[in-house]
Amino acid sequence: MTYATVPDTHPPAPRGWYKRNQIAVTPFLFLAPAILFFAVYVIIPIGQSFWISLHEWDGLGEATWVGTANYERLLGIGEQNMDRKFETSFWNNIKWLILYLLAIPAGLFIALFLNQTVRGIRVYKSLFFFPFVISQVVVGLVFSWFYLPREGLLNALIGLFGFGPVNILGDPSLATYGIIAAGLWPQTAYCMILYLTGLNAVDPEQVEAARLDGAKGWRMLWYVILPQLKPATFIAFVVTIIGALRSFDLISVMTNGGPFGSTRVLSFYMFEESLSEFGFRMGYGAAIAVILFFIMLAFIIYFLWSMYQDERGGR
Amino acid sequence: MTLQKKPAWVALGVSSLLAGAAFAGSHGAALSGDLKIISDMSNPAPRAVMEGMVADFQEMHPDLDIELTIVDREAWKTQIRNALGANPPDVVNWYAANRMLPYVNAGLFADVSDLWAEPEFEALASTKGAMTIDGAQWGVPYTYYQWGVYYRKDIFDELGLSEPTTWDEEKANCEAILASGRKCYTIGTKFLWTAGGWFDYLNSRTHGYDFHMALARGEVPWTDDRVRQTFANWRELIDMGAFIDDHQTYSWQEALPFMINGEAAAYLMGNFAVAAFRDGGLTDDQLDFYQFPKIADVDYAEDAPTDTFHIASGAQNMDAAKEFLRFVVSVDNQTKINGGDALGQLPVNANAEIGDDKFLQEGFDMLSNNASGGIMQFFDRDFPAEMASVGMEGLQEFMVFPDNLDDILARLEDARARIYE
């Protein structure tokens, strides 16, 4: 034991261990609760998911070790074909990621439009922000009624222009886009709020100076306003990417993954395989979750990296 | 103890009752302790039935402390796993046949074969098969209901049609209905299972009950020519335009208005739809029922899904739980809970009375006298869970894009090879 090796049994001043290491230890003491909860609720479950993904398990009985068989089936390594449901879900995730970004320019232009002082502007702002406040489930329900093939408002509208009825959520080639459009409604409002607060921080002197130099319209926006909105753009980008990757509730409410599985995304597929009414493949679901985790990790690393760059640049 | 302060004869009575119980098994025993029940009978009528049953049972066993939890029926389908895990309740609701297989395999349901060996259970013989896995019984049924074609009698009368009994008559009827500007069948396949009902009937009518169950057990490849024959029969209806458009967007309830408004003439459904039709304003003069017509020369097999009670293997109060199951299937209780003013379904006990309702009477008659092929539990209960989910998705796709059949069958066959390995 270490007691035996302590050389001086009569220290000059009885300073405690904590006193001596105060500077080094205190930050960790303050971090300890957060680290503990982060470990219990995030880090350890990630490890568990990875562990489960190497097994075949129905969630009830004994788990059987199958090594990487779940991944081989998912990705079609070896003789088998790639899991088609996985393929569909993956490409739908990509569609979500790309099209969801439309919320950023849309939010920016609404913010620019609303960034003026007229009577009752606060009312207009809150009306635009409204879709973000209501639950995603309600948004999904409203849009699925909007899209209804016979009674829906959308078909009534396009009927006015002489187009035939469309059943957006019943058509496997359109349904995903229909859901993304529904998701863009609240997401645009979110980006708008981020930009509205960003616009408050735009330096009026710079705008004034640019005006004296003859900048206006697009050039003013592009060279003067947008660079100052960079922090807001970054946050809008982060929340939109995250929002796209966790698109689950809208799909569940609007199509339940259908028609014939054409609107699944990875998170929904994972739920279906492992946790839903007919899902008893915990291992397979966990493998999907791990792959989704790595896709997210790519973005997270990029975000962390760019934040780190900003901080270094700021110093 | 308060017991000591009571007159001596009370204490004597109680103790002799307890002594009697020890000898007489659990029949009429003074049950005590807690009895935890989780039920999925959350719709208004079933909820009242469940609460009524617990109240009656409580009255019979006043010393028992019954704790009833009613969970949303859809939510229960995913919650049951967690509920049966740690600290399980004593009694739970579930479904018969393959739907209970994962829980039986995991040892979460208690073996109740001893109940089924009792003489009172002979009256339940018709559902015994659906409750049996590996030669043992794992629960008791409390209700079942027939499936069949519910149709608008007034529309049939207007067009001069009669209930079809053969496939040719069926198609001829449908031609006439289509010619009158209506659709033959309404259906909502958003949640997939409704398409499973159609497949059950078409497949069992084309090749018989045994073939259908062999397919359910994974013994027949999906790419078999006989399976293709079933889909070919189905396709005849699809190509005629017999089903309503855009059915993949509707739930089964959202498909009801088509029939209630007279835009479609019939609906292949379970008997629970009758209540919805009546709520929607159809009278018994407008609404009628016929058995799915004959296609090939095979015995009729019928869908009659059975809802059940089970005891968790970790139950704390096994005696009370078994007594509750006995009570559930008893003649009086069966008559009471399945009556037209309660569940409005069929009692599982052969000695119970059928509710005074034309659909119940007709359904019971059909299942007793005209279902010699066998009783199916329904697509998602006869097929293993994974096969059911992949299968029903394929059926929905077939109904919208029948040309994709080869691709669909190859996919199902792929799933079959993996699931039943």
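Me: Which residue does B:Arg99 form a salt bridge with?
Reply: A:Glu277, with the closest N and O atoms 3.0 Å apart. Salt bridge here means a side-chain nitrogen of Lys or Arg within 4 Å of a carboxyl oxygen of Asp or Glu. This is a predicted model, where local features need pLDDT of at least 70, side-chain atom pairs need 80 or more, and totals for chains, interfaces and linings use all residues, while side-chain values use heavy atoms, without hydrogens or water. Residues count from 1 along each chain as its sequence is written, with chains lettered from A and ligands numbered from 1 as written.

Me: OK, how many salt bridges between chain B and chain A?
Reply: The count is 6.

Me: And which elements of chain B give two or more residues to that side?
Reply: α3 (73-84), α4 (101-105), α18 (385-400) and α19 (405-419). Helices are DSSP runs of H or I, at least four residues, and strands are E runs of at least two, numbered from the N terminus. The largest share, 10 residues, comes from α18(B).

Me: How much area do chain B and chain A bury?
Reply: About 2600 Å² between them, 55% of it on carbon and sulfur atoms. That's accessible area (1.4 Å probe) lost on putting the two parts together, summed over both. In chain B, B:Arg81, B:Glu393 and B:Arg418 lose the most, together 22% of what that side buries.

Me: Switching topic: what's the strand order in the open sheet of chain B?
Reply: β2-β1-β3-β12-β6, with mixed pairing (pairing takes at least two DSSP bridges). The edge strands are β2 (64-70) and β6 (140-144).

Me: How do β3 and β12 pair?
Reply: Antiparallel, over 5 bridges. B:Trp94 stands opposite B:Thr308 there.
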